Amino acid sequence: MTLLLQMDDRSWIWGGNLLYGLAFAIALFFVLRSRRHSRLLLFILIAAGFVLQTTGLYLRGLESQGCPLGNPFEILQFIVWSLIVIYMVIGPAFHMSLLGFFTSGLAATIGVASLLVPEWDAVRREELFGGNVWIELHAALAIFSYGAFGVLALTSLMYLLQNYSLKHKKLEGVFHFLPSLYQLETMNFRLLILGTTVLTGSLLIGAQHWFRDFQSVNQGKLFVTTAIWAAYSSVLLLRIREMLISRALSWTCIILFLFALLSIPPVDSNRKPEARPPESARLERLSPSHLTDESPRAAPPLPGPKDSDGGAAGPPPAESRPTPPI
Amino acid sequence: MLGASHRTAPIEVREKLAIGPDQTADVYQGLKKIDGLNEFVVLNTCNRIEIYTVAEHPEVRRRLETYLCDFHSCDSETLRKFSTWRENEDAVRHLFEVSSGIDSLVVGEAEILGQVKDSYARARENASLGPILNRVFQKSFQAAKWTRTHTGIGRGQVSVGSVAVDLAQKIFGDLARCRILVLGAGEIAERTLVNLKSRGAHSITVANRTFERAGDLARKMEGCALPFEQIHRALVEYDIVIGSTAATEPLFSRAEAGQVIHNRPLRPLLLIDLAVPRDFDSAITEIDNVFLYNIDDLSELADANRASRETEIARCREVLQAKARHLWKHLRLPDPSRTEDPGSVQGTG
């Protein structure tokens with residue numbers, strides 16, 4: 001119990017991501033042996049991982065006084081969290097065979113990769129939302145929509161696999177457990193509607209701020225976000241008009257999600273340097289003597305990271321401008 | 001356990017030994033009168049008649065045989081020749097294998113478990129179940145479930161008709177919402193339709209060059225008949241088209257199927273070609289969202305499933321043997337609440 005209380009946010013997040021990995025490994029073991037795995041066991045492992053990850057993100061949220069979206073690591077972890085939330089809703093509701101297997105695999109891959117790249121969590125912007133709850137909501141919704149697009153990419157991949165198996169008459173192994181094409185096509189459409197609606201809502205909320213204070217908006221971020229929104233909206237429109245369907249739709253959804261995912265680190269690194277290392281990262285850099293007599297939260301502040309001009313950025317200004325992360 | 005099955009007796013003998021639904025109550029009443037028979041369950045399917053009993057002594061076998069011979073008016077020599085007698089752990093293991101579908105004519109078929117459950121329920125209604133058979137049957141249900149979940153014994157279908165239905169479910173999921181058109185009214189078309197109906201399909205249309213024959217099959221399948229000359233115009237309305245005509249040239253070209261999918265892009269089209277020569281142009285398979293399977297494809301899938309099931313049998317047998325041994329060991333343990341020995345589980349089959 002004491003050990004649990006002493007765990008920092010990253011340790012909780014590590015625990016969560018490892019459980020996703022374990023769930024994937026167990027499911028993979030059964031799939032490779034062409035055996036049906038226990039959906040309940042998989043769900044329990046994923047749910048346990050979700051609890052650990054949520055605890056880690058909550059601790060980060062307490063530290064940043066808001067939604068933890070201050071650097072690529074946090075953004076990716078929040079996407080993983082959203083992915084799992086959506087799986088936990090649609091998984092049991094629609095009994096989609098193998099969705100847990102694919103979701104846990106993607107969650108573990110993104111989650112562990114973000115943990116293994118220290119640069120993505122080296123600094124974190126402070127006063128991220130400037131106390132503006134609407135900007136925080138905008139950011140959280142935008143990332144949540146990425147979660148929906150992530151699950152959409154997975155169901156699209158499952159559609160392509162099922163389509164391949166039926167076209168090439170290979171129905172054994174992993175193909176045997178895939179849901180029907182009809183179910184996957186229906187789920188793709190629903191997830192496309194969900195993700196696009198949430199992203200649209202997020203952009204509408206963000207637009208309120210951009211119109212008032214356009215100077216504070218990161219142009220690169222705005223361009224990429226708008227491009228992603230436009231792309232998904234176009235796909236949805238084409239799907240409604242039955243012009244983009246089946247395999248073409250699935251490939252498009254997978255490529256779009258990869259683009260959205262890969263755009264996060266470069267876009268995020270191109271943003272304002274009002275950043276500080278997260279608490280856990282700062283503690284790691286402290287010498288042991290700093291920790292002997294003082295509580296971690298009372299540790300002396302470290303110099304801020306260098307800004308783009310090579311100078312010390314220093315502590316964030318008292319009234320830093322809100323910078324939506326997406 | 002005393003019984004006869006497709007493994008021990010020809011169909012003529014099994015027919016003779018079969019117990020009709022209206023005779024079941026009489027059999028239970030008759031068996032109750034046999035001295036030394038503490039518990040019993042009668043398992044009666046189209047391929048087997050087996051009586052599982054808990055008896056106080058081996059003499060019960062002779063009494064059971066006499067009763068069955070009297071009931072069916074058959075000679076004891078025939079019964080002895082075509083039946084088997086299993087005792088104790090062997091009888092438990094046999095029941096596990098029967099419930100799991102390993103002993104079935106079509107290995108791995110799932111219907112047998114439902115039939116064993118029905119027999120168990122009937123024995124319960126007739127108050128012929130006791131603590132031992134109750135436990136043995138419950139354990140056999142668990143063993144069957146384990147087998148189905150952890151082995152590939154029930155995976156994939158092994159007849160052409162049922163493979164076609166499997167494919168339909170992989171594309172459409174619930175068959176209740178599918179519209180099915182059958183071209184030809186032959187035996188193979190009928191068998192495939194029976195399979196489709198058994199899995200929930202109900203919107204069935206039959207087209208045949210002889211309209212009367214189409215009408216006959218449609219009536220049998222509770223569907224409707226379509227004049228053969230209208231099939232090209234009607235194709236766009238259907239999700240599954242089964243071809244089983246005697247046409248010498250393909251009835252549908254690639255261009256025609258392409259036009260159909262163009263007019264209804266969201267709905268996939270499954271074409272099952274059971275005809276030789278083929279009813280559908282093989283180039284149709286190149287069209288996106290159209291899935292074409294001919295008789296060779298279906299046979300290949302059925303063969304692969306059959307081979308896969310065969311390889312699983314040895315593994316299943318091994319596990320079921322261990323489970324039966326474990327259960328038998330527990331049944332033989334002295335129960336402090338009982339003053340008598342539990343007796344022995346026996347059966348004839």
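Visitor: Which residue is the bridge partner of Leu2(B) in S4(B)?
Guide: The partner is Trp85(B). This is a predicted model, where local features need pLDDT of at least 70, side-chain atom pairs count only at pLDDT 80 or more, and totals for chains, interfaces and linings use all residues. Residues are numbered from 1 along each chain as its sequence is written, while chains are lettered from A and ligands numbered from 1 in the order in which they are written.

Visitor: What makes S1(B) and strand S4 of chain B a pair?
Guide: Pairing takes at least two bridges found by DSSP. Two bridges join S1(B) to S4 (residues 84–87), so these antiparallel strands pair. S1(B) also pairs with strand S3 (residues 48–55) of chain B, again antiparallel, over four bridges.

Visitor: Why is S1 (residues 2–5) of chain B called a strand?
Guide: A strand is a DSSP run of E with at least two residues, so the run 2–5 qualifies. Helices are H or I runs of at least four residues, and both kinds are numbered from the N terminus. Chain B has 13 helices and 11 strands.

Visitor: Which way do the residues of S1 point?
Guide: Leu2(B) and Ala4(B) point one way, Gly3(B) and Ser5(B) the other. In a regular strand, side chains alternate between the two faces of the sheet.

Visitor: What makes a residue of chain B count as buried?
Guide: Buried means 20 or more other C-beta atoms, placed from the backbone, within 10 Å of its own; 12 or fewer means exposed, and in between is partly exposed. Across the 349 residues of chain B, 43% are buried.
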